[in-house]
Amino acid sequence: MKYDILAIGGSAGGINALKKVLHNFRYASEVAIIIIQHLSPSSKSYLRTIVSGMIHMNVYEIEDKMQIKRGTVFIAPPNYHVLIEKDGMFTLTVTEKVCFARPSIDVTFESIADTFGESAIGMLLTGANQDGGQGLKLIREAGGYTIVQNPNTAEAREMPEYAIKHADPNEIIGLEEIGSRLNQIIISAGENR
Amino acid sequence: MNDFDFKHNNEDVETFLCIEAIKLKYGYNFSEYSRAHIKRRIKGRLVKSGLNNILELTHRLIEDEAFFRDVLLDFSINVTEMFRDPSFFKYLRENIIPILQSYPKINIWHAGCSSGEEVYSMAILLKECGLYDRCQIYATDFNQKIIEKAKDGIYSLEAIREYTKNYILAGGTRSFSDYYFAKYDNAILDLELKKRITFAEHNLVTDGSFGEMHLIICRNVLIYFNRTLQNRVNRLFLDSLIKGGYLCLGSKESLVYSDVFEKFDTVSEEFKLYRKHLKA
């Protein structure tokens with residue numbers, strides 16, 4: 001297995017998009033999945049419950065120093081940035097917002113580029129801001145695979161549009177096809193190894 | 001235990017050297033801080049400073065103490081609010097304060113108090129519960145500069161507007177404006193609130209216990225440490241608490257990962273509130 005981690009960033013409309021992506025994805029047991037979805041800082045941590053209904057995997061909201069594992073879905077908690085240590089633990093921080101967001105997709109994608117590098121798949125979905133583009137670029141530069149949702153299929157275009165311009169991703173895919181395309185990417189990467 | 005094989009790159013090597021240089025030159029030890037956090041802050045300062053790499057930055061901070069002080073401020077995170085997580089303060093008011101009420105004298109330690117917002121929130125809460133005059137609050141931080149700010153108790157009116165909302169959600173029983181007076185764009189907190197607070201420099205990495213506490217509050221401080229250091233500090237908290245004393249961590253920090261977990265009862269999983277065993 002070439003890929004160890006699937007990192008997904010989403011903002012406005014992200015939860016609906018996530019549902020479609022995860023529904024068709026067949027290799028969840030072989031990678032760790034990290035979801036950075038923008039939420040209101042005061043929101044209770046309801047995203048874990050929603051995602052649990054989308055996928056037959058253990059879903060956790062990240063706590064500080066939790067260990068990252070395959071076959072598990074990890075969700076960034078509201079109002080914290082998520083970093084990954086080189087011993088595989090999560091660190092949460094409450095440093096300044098990035099792109100007006102905490103959790104910021106850029107912050108976690110940068111950390112994923114640093115830790116997982118070429119074994120990461122970075123994916124950016126719908127959203128109405130510019131978070132994620134910078135981080136996606138770093139994942140690509142580190143040799144990881146990068147995917148952006150086709151803005152024409154996004155509830156909000158700005159985030160995917162910015163990422164396409166800024167990060168020059170490997171693929172731009174319509175929402176309905178992302179899940180099945182993801183399966184192909186993982187299969188063919190396994191064959192080429 | 002670890003599913004993945006992570007490689008250390010050149011920047012990790014340079015980050016390590018930078019941390020060693022700071023330790024040798026200035027005596028601050030960040031080697032047991034979260035490495036991912038320290039590296040991110042160093043790289044952030046690198047971009048701001050226009051220097052080319054972490055080694056250049058290291059050289060600069062050895063030569064230039066003022067520059068080092070900026071880096072030090074980058075490492076110590078001072079994002080805080082009054083009545084942050086209002087439901088936590090409401091929980092304290094309704095469930096913990098009534099128990100503390102039974103003690104003739106109450107010691108409270110805010111470890112990593114930053115610019116003081118949470119300490120003053122506690123002072124207000126205790127006042128409204130009629131407990132303040134029996135309390136001694138110790139508010140500590142490793143950063144001298146930020147303690148001075150905490151002592152001032154001056155916050156922007158813009159921030160105060162947010163804090164007012166928090167105060168109401170936290171179950172405040174008066175008008176929040178009773179606790180400050182406005183001057184230009186600032187709110188100056190009532191001097192009365194400081195009466196039972198002692199501000200002091202204390203480094204959780206190197207300093208020990210200094211009293212028998214009934215309640216220790218340390219929220220969103222330990223997240224910047226690695227697990228080894230977290231363990232040591234949690235041990236320090238255990239040793240600093242009376243039997244039956246309470247420890248509050250941040251809402252995404254858990255004692256579960258700590259060696260001292262079995263010495264505590266979990267009072268509230270949601271608010272990460274723990275109680276040291278009565279027969280410890």
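View 1. Along its principal axes, the C-alpha trace of chain A spans about 40 × 35 × 30 Å. Because this is a predicted model, local features need pLDDT of at least 70 and side-chain atom pairs count only at pLDDT 80 or more, while totals for chains, interfaces and linings use all residues. Residues are numbered from 1 along each chain as its sequence is written, and chains are lettered from A and ligands numbered from 1 in the order in which they are written. Six helices and nine strands make up the secondary structure of chain A, where helices (H or I, at least four residues) and strands (E, at least two) are DSSP runs numbered from the N terminus. Buried residues account for 56% of the 193 residues in chain A; a residue is buried if 20 or more other C-beta atoms, placed from the backbone, lie within 10 Å of its own, exposed if 12 or fewer do, and partly exposed in between.

**View 2. The open sheet of chain A.** Seven strands of chain A form an open sheet in the order 3-4-2-1-7-8-9, with parallel pairing, two strands being paired if DSSP finds at least two bridges between them. Strand 3 (58–61) and strand 9 (171–173) of chain A are the edge strands, each pairing on one side only. From one strand to the next, the twist averages 20 degrees.

**View 3. Strands 7 and 8 of chain A with their helices.** Strand 7 (residues 120–124) and strand 8 (residues 145–149) of chain A pair in the parallel sense over four bridges, and Ile121(A) stands opposite Tyr145(A) in strand 8 of chain A. Helix 4 (residues 133–141) of chain A lies across strand 7 and strand 8 of chain A and runs at about 155 degrees to strand 7 of chain A; axes are lines fitted to C-alpha atoms, for helices over the stretch in contact, and angles run from 0 to 180 degrees between N-to-C directions. Helix 6 (residues 175–191) of chain A also packs on the sheet, touching strand 8 and strand 9 of chain A, and its direction makes about 165 degrees with that of strand 8 of chain A.

**View 4. The side of chain B that touches chain A.** Here 21 residues of chain B are in contact with 23 residues of chain A, contact meaning that the C-beta atoms of two residues, placed from the backbone, lie within 7 Å. Helix 2 (35–49) and helix 9 (227–240) of chain B are the elements that give two or more residues to this side, and helix 2 of chain B gives the most, with four residues.

**View 5. Helix 7 of chain B.** In helix 7 (residues 144–152) of chain B, the buried residues are Ile146(B), Ile147(B) and Ala150(B). Seen down the helix axis, these buried residues fall within an arc of 105 degrees, so they line one face of helix 7 of chain B; the arc is that of the directions from the helix axis to the C-beta atoms. They pack against helix 6 (117–128), strand 2 (135–141) and strand 6 (197–201) of chain B, whereas the face turned away from the buried side carries the exposed residues Gln144(B) and Glu148(B). Just after helix 7 of chain B, Gly153(B) takes a positive phi of about 60 degrees.
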